[in-house]
Amino acid sequence: MQTILGANGHIGTPLAKELAQYTGHIRLVSRNPEKVNLTDELLAANLLDPEQVDKAVAGSDIVYLVIGLPYRDKVWQQHWVPLIESVIDACAKHESKLVFFDNVYMYAPDQIDGMTEEAIVNPATVKGKVRAEVAQRVLDAHKSGRVQAVIARAADFYGPNCTSSVIHETVIVPAAKGKTMRWLYNSSQPHNFTFTLDAAKATTQLGNDPDSYGRVWHLPTSEAFTGKQWMHKIWTSAGSIHPQNRKSSSAAPKMSTLNGFMMQAIGLFIPDLKALHKMRYQYQNAYRLNDSAFVARYGWQATDADEAIAQIMKAVE
């Protein structure tokens, strides 16, 4: 049995599809789980309750923790550490391997241009400090022999119907509608993204490779382009796939940049953007995740950005 805690999300759904190549026994756990594969076992659970976590993990060979908590500092401070401890406890009790799906918030701001798995952990934000502690607890649990654990770490997301991705809401959807795309803070800096379908494929490989455990792996991630280059690519793809929303197929891209003042002003009305402003160093500076260790071991690279964008754009209504 392979179990997904936080099923049916932007990572959980493609992860379930990928796991079907490894096993016919998949358990999907969330508050309201829905089948992805015909044989999926569904378990409704509140994963903030340790007893329900224990029930969800019982009988699992491998457990994938891909849950996303609301994007609020206080929520993360209150719930992430107890959650990871309850998952580790349950995995130890039931002798289940743990695959933790992580982000890069814990890295020092001066490390984000060329992040490797050895990048210095020195978070500059509340969320970064929380993720640093959670990741360390996972690694410590493996080192102590409590569980076999591995961390799959991704850059910012982009993917089909990935509505929690900033680029989806500020660039992809507006482009599909022929409206103005808005990049955050600095569109002249390079930035790369992890395609959700690549993330799912890579995470299942790590989970099913006994030799991957005991360390952090950076997942396959796109080439880094500047914000302006990303917007040009996305605008071009949108014009091809949604031509009905363009007055002219040759119309120039509609682009703008949301500066710090604008972000703070909008944040007064949209809490998630206010929270995102605290992570602005990731958008004001060059941001490149290095995936070379994974590529060298598993022999494949991230989906080409133009192909990924086309897949994403076809899913936009």
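This is a predicted model: local features need pLDDT of at least 70, side-chain atom pairs count only at pLDDT 80 or more; totals for chains, interfaces and linings use all residues.

Q: Why is C91 called buried?
A: Buried means under 20% relative accessible area. C91 has 1% relative accessibility, so C91 counts as buried. C91 lies in α3, where the buried residues also include W76, W80, I84 and I88.

Q: Why is C162 called buried?
A: The relative accessible area of C162 is 0%, and the cut-off is under 20%. C162 is therefore buried.

Q: How do you know how many disulfides the structure has?
A: A disulfide needs a pair of cysteine sulfur atoms within 2.5 Å. A search of the whole structure gives zero disulfides.

Q: What makes P243 partly exposed rather than buried or exposed?
A: Buried is under 20% relative accessible area and exposed is over 50%, with partly exposed in between. P243 has 43%, so P243 is partly exposed. P243 sits in the loop between α7 (227–241) and β14 (255–258). The C-alpha atoms of P243 and Q301 are separated by 31 Å, and these residues are 58 apart along the chain.

Q: How do you know that the span of α3 agrees with its number of residues?
A: The expected span is 1.5 Å times one less than the number of residues. For the 22 residues of α3 (residues 73–94) this gives 32 Å, and the end C-alpha atoms are 32 Å apart, so the two agree. Along α3 there is also a kink of about 35° at H79, shortly before the proline P82. Just after α3, E95 has a positive phi of about 55°.

Q: What makes the span of α4 agree with expectation?
A: The 18 residues of α4 should span 26 Å at 1.5 Å a residue; the end C-alpha atoms are 26 Å apart, so the span agrees. After α4 comes G145, with a positive phi near 90°.

Q: Why are α3 and α4 called roughly parallel?
A: Angles under 35 degrees count as roughly parallel. The axes of α3 and α4 cross at roughly 5° and come within 9 Å. The two helices are therefore roughly parallel to each other.

Q: Which residues of α3 and α4 meet?
A: On the α3 side, W76, W80, V81 and I84 are among them; on the α4 side, the residues include V130, V134 and V138. V130, V134 and V138 are also among the buried residues of α4. Besides α4 (126–143), the buried residues of α3 pack against β1 (2–5), α2 (50–57), β4 (62–65) and β5 (97–102).

Definitions and conventions
Residues are numbered from 1 along each chain as its sequence is written. Side-chain values use heavy atoms; hydrogens and water are left out. Helices (H or I, at least four residues) and strands (E, at least two) are DSSP runs, numbered from the N terminus. The bend at a residue is the angle between axes fitted to the seven residues ending there and the seven starting there. Buried means under 20% relative accessible area, exposed over 50%, partly exposed in between (1.4 Å probe, protein chains only). Contact means heavy atoms within 4.5 Å. Axes are lines fitted to C-alpha atoms, for helices over the stretch in contact, and angles run from 0 to 180 degrees between N-to-C directions. Angles under 35 degrees count as roughly parallel, over 145 as roughly antiparallel, 65 to 115 as roughly perpendicular and the rest as oblique.
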